[in-house]
Amino acid sequence: MLVTIITPTPDDISAFGVRSLSSYLKGFGYKTRIIFLPGSIKKSDPQGKYMYQYSTRTLDEVSDLVKGSCLIGISFMTYYFDRAVQLTKVLKQQCKTPIIWGGIHATVRPKEALKYADMVCVGEGEETLLELARKIENGENYFQVKNLWLKENGHIIKNSLRPLIKDLDSLPFFDYSLEEHYCFDYARGHIREIDDALFQELLPVRPDLDGNFRVCYRTMTDRGCPHKCTYCSISIQKELYEGEGFFRKRKVDGVIEELRCILNRFPFVKTIQFFDDTFFARNTAEIEKFSALYKQHVGLPFHAQCSPRTITERKLQSLVDAGLIFTEMGIQTGSMRIKALYNRTESNAETIEAARIIHKYKNKLLPPDYHVILNNP
């Protein structure tokens, strides 16, 4: 049975959630197909507003690729809402396959999502998608599947949430098999199946200390964040799963094994970026274990994010010795009034101390990136 997942994305096609869903379903014998639709095309409407508009050719190619699917998933962030709507409307005209929306926008605004999709996954999707696929395969009613919102006779069914997956190491690695992976190729103007050569083109590049850019593999080693900043979707997800401990981490050994597999499969990868919201949230013992194993088994330059309350000199020294060449840190504001609005609990003195620690390693790191929100209406 085939499940097709479509994801409108930025130029980066990491799409960790989609890749996790795919590998999870494959682990239970299901066939998956992923369609990445990176980038954007802006088209002005008569009122001068801008929206994202796919070409007829692209929409036709997507319609052809979903044929034979028993379920179509569309996963996206709010920035890609217009494109998700376009895709859903066209696919509903072309086929009878049920369409489910997932991702952070669907989680935050499920009622709105049901105006377009047949069903919505609220929260984590691995176990939900598996149960849904099984019921569709067996011809069973799926209206009571947890995490799903659906409509029946004009009424919205809001099923309860299932517990979070506590053990992230129980999940398979992100699906980078390239099997049945397709991507819109801007250079050639159509959707192509991803082979090794195209995959290398699609991977981001990141600077090394020598000024040259290296092909970069991105991954995440946790879910969530220790903080609860009000401008971030993490705060909403923590409220959704209140009391369950939303911030979870994979074990260091599993992270290293993932990287070893990737480097063996894709030897053109020459740098690593940990996309965790706050990689430094791991305790000192975990950081030191990671640093030792990474230096021994991976040995590539890497990037990772910190925050004022998670960085320490001992952690930074250990990571720099392992190959860290770049870090970034959220500051957002120096105003105590705005800090309270954002739920940023660190003091300015703590932020300055964190920056001082980073500055001590200025000769071993690229210039850091400090995040500041300047224009918030």
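A salt bridge is defined here as a side-chain nitrogen of Lys or Arg within 4 Å of a carboxyl oxygen of Asp or Glu. On this criterion, E124, E126, R223 and R248 are linked in a network of salt bridges, and the structure holds 32 salt bridges. The model is predicted, so that local features require pLDDT of at least 70 and side-chain atom pairs count only at pLDDT 80 or more, whereas totals for chains, interfaces and linings use all residues. Residues are numbered from 1 along each chain as its sequence is written, and side-chain values use heavy atoms, with hydrogens and water left out.

Secondary structure elements are DSSP runs numbered from the N terminus, with helices (H or I) of at least four residues and strands (E) of at least two. Two strands are taken to pair if DSSP finds at least two bridges between them. An open sheet of 9 strands with mixed pairing is formed in the order β9-β8-β7-β6-β5-β1-β2-β10-β11. Strands β9 and β11 (190–193) stand at the edges with a single partner strand each, so one side of each lacks a neighbour in the sheet. From one strand to the next, the twist averages 20°, where axes are lines fitted to C-alpha atoms (for helices over the stretch in contact) and angles run from 0 to 180 degrees between N-to-C directions.

Within this sheet, strand β2 (residues 31–38) is mostly covered, as 7 of its 8 residues are buried; buried denotes under 20% relative accessible area, exposed over 50%, and partly exposed the range in between (1.4 Å probe, protein chains only). Strand β1 (residues 2–9) runs parallel to β2 and is joined to it by 8 bridges, with R33 in β2 as the bridge partner of T4. By contrast, strands β7 (residues 119–121) and β8 (residues 148–152) pair in the antiparallel sense over 3 bridges, with M119 opposite L150 in β8.

The closest N and O atoms of E179 and K26 are 3.8 Å apart. E179 lies in the loop between β9 (155–158) and β10 and K26 in helix α1, so this pair ties together parts that are 153 residues apart in sequence. K26 is partly exposed, at 25% relative accessible area. A further salt bridge joins the side chains of E180 and K31 (3.7 Å, N to O). Because E180 belongs to the loop between β9 and β10 and K31 to strand β2, the parts tied together are 149 residues apart in sequence. E180 is buried, with a relative accessible area of 19%, while K31 is partly exposed at 42%.

In the salt bridge between D196 and R265, the closest N and O atoms are 2.8 Å apart. D196 is located in helix α7 (residues 196–202) and R265 in helix α9 (residues 252–265), so the pair ties together parts that are 69 residues apart in sequence. D196 is partly exposed at 32% relative accessibility, as is R265, with a relative accessible area of 35%.
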